[in-house]
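Morning, everyone. I have one structure to go through today, and I will keep it brief. Please have a look at it before I start.

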Amino acid sequence: GWAVARKEGEAAYRCTNPHCPALGREGLIHFASRDAMDIEGCGPAVINQHLDAGLVKTPADLYELKEEQLLTLERMGKKSADNLLKAIEKSKEQGLDKLLFALGIRHIGSKGGRLLALQYKTMDALMQASAEELAAIKDIGAVIAESVVTWFANPLNRELIDRLKRAGLNMEMQAQAGNESHP
């Protein structure tokens, strides 16, 4: 029921509803995907089940799931529930770069997430950065910098970060051994 909008210079039309159910669903699927938080066994069908049952609305809700809740879902036995909970727990170890990509901040791909994580090292430091500081990083332009600052300025996103912190997700970039210029 909300209008769609297209930014000048972009081909895509986007929903303007900040609480769009379709965007929320796609955001959860992206968050759990292999390239993001890599939660094995938490693909689109499982996300849809969780949404339909009212178990999750945000990525932070995944980290609050209990075995009893999962066992109420169709085709979710004890072993499947245990495996999913272990995969969710394991995803907490992912680095800041993966978390930034998983959050789906507009225009920030996996490379952008990695660059920001390497530069700022912690979520708290990144959240304090200005658009000008971010844009000064090689390969991070004004559009990405503004997207990051705008995303962190949203109180709902700040609350999400706080919930993810309390759940025990890694909010730091681990030092990488070796030469960063090599693939």
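**Leu62 and its surroundings**

Let me start with one residue. Leaving aside residues up to four places away in sequence, Leu62 touches Leu28, Phe31, Ile39, Cys42, Ile47, Val56 and Ile88. Keep in mind that this is a predicted model.

Across the whole protein, buried residues make up 39% of the 183.

Now the overall fold. How many helices and strands are there? The protein has 11 helices and 2 strands. In sequence order, the pattern is β-β-α-α-α-α-α-α-α-α-α-α-α. The radius of gyration is 17 Å, close to the 16 Å from the globule rule for 183 residues, so the protein is as compact as a globular protein of that length. Along the principal axes, the C-alpha trace spans about 50 × 45 × 30 Å.

What about contacts along the chain? Taking contacts with a separation of 6 or more, 54% are between residues 24 or more positions apart.

Last, the surface and the charges. The accessible surface is about 10900 Å², and 52% of that belongs to carbon and sulfur atoms. There are 23 positive and 25 negative side chains. The centres of those two sets lie 2 Å apart.

That is what I have. I can take questions now.

Note on methods:
Residues numbered from 1 in each chain as written. Predicted model: local features only at pLDDT ≥ 70, side-chain atom pairs only at ≥ 80, totals over all residues. Heavy atoms only, no water. Helix = DSSP H or I, 4+ residues; strand = E, 2+ residues; numbered from the N terminus. Rg over C-alpha atoms; globule rule 2.2 N^0.38 Å. Buried < 20%, exposed > 50% of the residue type's maximum accessible area, 1.4 Å probe, protein only. Contact = heavy atoms within 4.5 Å. Areas by Shrake-Rupley, 256 points an atom, 1.4 Å probe, with all protein chains shown as cover. Lys, Arg positive; Asp, Glu negative; His and termini not counted. Charge placed at Lys NZ, Arg CZ, Asp CG, Glu CD.
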